[in-house]
Amino acid sequence: MLAFDYGRRATQGAREYQEDSAAIRAGSDAAASAEPGDGGADHPELVAVLADGMGGHTGGALASKIICEKFIDVFGGREGAVAERLMVSLTAANEAIAGKIAADPVLSGMGSTIVGVAFTGNGVEWVSVGDSPLLLFRRGEVALLNEDHSLAPELDRLAEAGQITREQARHDPRRHMLRSAVTGEELDLIDQSVKPLVLEHGDYVVLASDGLHTLETSEIERLISAYADDGADAVAGALIRSVEAMRDPHQDNATVVAVRARDVTQS
Amino acid sequence: MGQDQKSSSGQRAGFLGTLKDALAAASRDESGRPKHAVDDADEPTQAALGEPIQLPPPLPAASDAPKDDVQIGGPSDESASPVAAKTIGLSAADAAREARGTAVVTPETAHIEQVAETSRASVMVAKAEDPTRTQLVRGKVEVARGQFDCDPVVGWLVVVGGPGIGAFRPVYEGNNSIGRALTQRIPIDFGDDAISSEEQAYIRYDSSDRSFLFVPNLAKTNVVSVNNARPTGAVELSAMDVIVMGRTQLVFVPFCGGDFDWSEIAENKG
C-alpha cells in the first residue's frame, strides 16, 4: 500500500510580496494552516493545492490564500468521485474570489493560478488553471503533468513556425502572461487529469509556482534524485535552497509542495 | 534502432515527444539502457549517434531552451529503461501522458489565434509595470462605467514630423492647452523649443455638439498652422488634419465625434 508524506517550502525571491499560497490536507486531518517546512508522516490520502496570486498590492496574496483555503475546505467536505470533487472545489474557489471582489471592488483584478492535486489509493488526479507546474519525478526523470496556460507555449510555437526567433521567444516578457486564471470570472481554460496516474514506490509529485522555473529541468531531476531518500521535506527544502542560490535579481516568488509516494508495506 | 522509423508521431507528440527525447538524452549513457525500437519512436534520424548530449532537457512549458534544440536528443525508448522493464512501470513522461489523456477541458474554444493573441498581449505589456509578474492577458475584465479615474480621452495628436516623431498625446474632454511645458494638458515636450512653453494653442472638445475646435493663441509670437493655413481664430478640426507648430508636425485623430461620445455609455449603461 502506498502512503504519502509531504513537504512544503517557499521563498519570496526578489519580490516585495509573497503572493504564493499552498495548503495540504491529509485525510480528514486538516493541515491547511501548516507552516512552511512542515513534514508529513505517512498518509493514505492527501490533497494539496498551490496558488500563485496576481493583482496589485495585497490582492495577489489574498487571492491565492482564499483559493487554497476554499479549495481544501470544499474538497474535504465532499464525498464522491475525486475528479468531480476537484472540479467542484475549483468552482467554489473561483466563486469565493468573485464574492470577495463583489464585496470589495478595490480588489477587482485580483486572481491566481491554481493547481489542486488529490492523492488517493487510485493514484494522482489534478485540476489546474494557469501556469503553476505539476511535476512527476520517477526514476530520475521529471515530466510535466499539467498544461501550461501561460503564453510560453504559444511563443515557442511561434518560434518553431519561424515567425519569431528562438531568442525572442526565450526572452519575451509575455512568457509569464496567463491565458487563463482564477479571477472570479468564467474560467477560460481548465486542465484536468483524464484518469488517475498510478504512482509507484519512490515517485515524487511536485506542485510548484512558476518561480521554480529558475531551475533547469535537469537540475530539478538532479536535486530530487539526490534527496529522494531523505523524504519529501528534504526535497522541498533542496529545491527552494537551490532557487535561492541562483540569486536571480528578478526571482519571482517560488513555492514547492513535494509529495512522496512510499510503499509502506515494504518497509 | 528506432531512429530510422521517423514515424509521423514525431510531430504529433508535441512537447511530450520532445521531453521524452530530452529525458532519454540526459540519462541514457549512465543508465546504459538498451536502445531498441519502440512503437512510437519519435526522434530525428541522427538521434542515437554516439556523442553524449550536453543540452539540459528543459521543462517544456517554460524553460528557456527551445524545442528544436531538444529534439537532437537521444532515443525515446520509453520502455527501454532497465528499471522500467523490470517493474513494468511507465516512465514519468508516459505516465504523464496517460493521465493527461489527449483531451483538455476547454469551456470555450481553447486555441488562440496567433496574431490576435500577440497583439493583445503586447498591449498588456505596455501597461504592465513589471512584466515578469504573474498577470492575466485573457478573460473578461469587469467593466465599470460612468466614473473615470482620469480624464476621458476624446482624441489624440500624433507626432508625424520633428522631434518626438512617432509619439502621441491624448486630447481630453473640454479645453486642452498645448505647449512645451509639462504643465500643459497636451505637453509637446519632445525638445522643439520653437513651440511656446505654455498655451501656444488650444484644442477644445465640446461633448454637446461633439466637435473639435483648434484655437490659436494669438498673443504668442510663434506661428501655428492647420493644413497649411494660418488661422486667426478658431477652426474646426477633423480627422487627419495636420497641425504644425514650431518644427513639429502633428496629426489630429478623433476618438469621440458623431459615432461615439462618453455620454452614450454613461447614460445608457452606466
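Reply: A residue is called buried if 20 or more other C-beta atoms lie within 10 Å of its own, exposed if 12 or fewer do, and partly exposed in between, with C-beta atoms placed from the backbone. Helices (H or I, at least four residues) and strands (E, at least two) are DSSP runs numbered from the N terminus. This is a predicted model, in which local features need pLDDT of at least 70 and side-chain atom pairs count only at pLDDT 80 or more, while totals for chains, interfaces and linings use all residues. Residues are numbered from 1 along each chain as its sequence is written, and chains are lettered from A, with ligands numbered from 1, in the order in which they are written.

Me: What makes α1(A) mostly covered?

Reply: Of the 18 residues of α1(A), 13 are buried, and in chain A as a whole 61% of the 267 residues count as buried. Helix α1(A), residues 59–76, reaches 26 Å from its first C-alpha to its last, close to the 26 Å expected at 1.5 Å a residue, where the expected span is 1.5 Å times one less than the number of residues.

Me: Which residues touch the most other members of the largest nonpolar core?

Reply: A nonpolar core is a set of buried Ala, Val, Leu, Ile, Met, Phe, Trp, Tyr and Cys residues joined through C-beta atoms within 7 Å. In the largest one, of 97 residues, they are Ala48(A), Val49(A), Val117(A), Val257(A) and Val259(A); the largest share of this core, 9 residues, comes from α1(A). Apart from it lies another core of 20 residues, including Val154(B) and Ile186(B).

Me: Why is one side of β5 and of β9 in chain B left without a neighbour in the sheet?

Reply: Two strands pair if DSSP finds at least two bridges between them. Five strands of chain B form an open sheet of mixed pairing, in the order β5-β4-β6-β7-β9. Because β5 (186–187) and β9 (235–237) stand at its edges with a single partner strand each, one side of each has no neighbour there. Strand β7(B), residues 211–216, is joined to β9(B) by 3 bridges and runs antiparallel to it, with Phe212(B) opposite Leu237(B).

Me: Where in chain A does pLDDT stay under 50?

Reply: The predictor's confidence in each residue, pLDDT, runs from 0 to 100, and it stays under 50 over residues 30–37 of chain A. Where pLDDT is low, the predicted coordinates should not be read in detail. The mean for chain A is 88, with 93% of its residues at 70 or more.

How values were computed: Contact = placed C-beta atoms within 7 Å.
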